[in-house]
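The structure is shown first, and the description follows.

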Amino acid sequence: MRATVLLGVVIATLLVGCGSGEDAQDQAASTTADPGAAGPFFGQCGSVTDDEVVKAFVVPAFTMITRNSIGCEWEVAGYSGPSVSFSWYRGSPIQRERSGSELIGRPADDIELDGHPGFSAATDNSLCEVGVQFGKDFMHWSVTYGDQPPTADPCGVAKQLAELTVERAQ
């Protein structure tokens, strides 16, 4: 009985795997469809230097700078203080980031940088983020002055840094 059931499973598996060449090709194409090309290489920290971030953010210096495989963060005074961050998302939908911003009270506006679609989202006058799509990938700049008065327009800073990244994309 056991051997009969096992033989039935093997035969069913073989039959499912068999089919006309066209059907198999169509099925393979539909499961590996490429909805867009991968984006460019942005370089570490979006190819933006620490000095360029300091100048755009209009602060004398950062107390902590973090660099890792997906991005960078420049901080002035710890968690609640001013900070700037860059993130690079490979194969991730920008719409998820945009929707998340809108869900937490940052309405997003459509933008375009050098022909690439994206969004800008802000709250009051202390936080702004800019995301720009490149094929299946996107990059994201976030600028916040936390609980301190802004020394520059957060959206102006985020857009300026995003423009540098777009210009330098390889």
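Cys-128 is buried, with a relative accessible area of 0%; here buried means under 20% relative accessible area, exposed means over 50%, and partly exposed lies in between (1.4 Å probe, protein chains only). Because Cys-128 belongs to strand E6 (residues 127–134) and Cys-155 to helix H5 (residues 154–168), the pair ties together parts that are 27 residues apart in sequence. Helices (H or I, at least four residues) and strands (E, at least two) are DSSP runs, numbered from the N terminus.

## Basis of the model

The model is predicted: local features need pLDDT of at least 70, side-chain atom pairs count only at pLDDT 80 or more, and totals for chains, interfaces and linings use all residues. Residues are numbered from 1 along each chain as its sequence is written, and side-chain values use heavy atoms, with hydrogens and water left out.

## The disulfide of Cys-45 and Cys-72

The structure holds 2 disulfides, and one of them joins Cys-45 to Cys-72 with an S to S distance of 1.9 Å. This pair links distant parts of the chain, 27 residues apart: Cys-45 is in the loop between helix H2 (21–31) and helix H3 (50–57), while Cys-72 is in strand E2 (residues 71–75). The torsion about the S-S bond of Cys-45 and Cys-72 is about -80°, and the disulfide is therefore left-handed.

Cys-45 is buried at 4% relative accessibility, and Cys-72 is likewise buried, with a relative accessible area of 4%. When bonded cysteines are counted along the chain, the disulfides of the protein follow the pattern 1-2, 3-4.

## Nonpolar cores

A nonpolar core is a set of buried Ala, Val, Leu, Ile, Met, Phe, Trp, Tyr and Cys residues joined through side-chain atoms within 4.5 Å. The largest such core has 30 residues, of which Phe-57, Trp-74, Met-139, Trp-141 and Leu-161 touch the most other members. Two or more residues come from each of H3, E2, strand E3 (83–89), E6, strand E7 (137–144) and H5. Helix H5 gives the most to this core, with 6 residues.

Another core, of 5 residues, lies apart from the largest one; among its members are Ile-94, Ala-108, Phe-119 and Phe-138.

Definitions and conventions
A disulfide is a pair of cysteine sulfur atoms within 2.5 Å.
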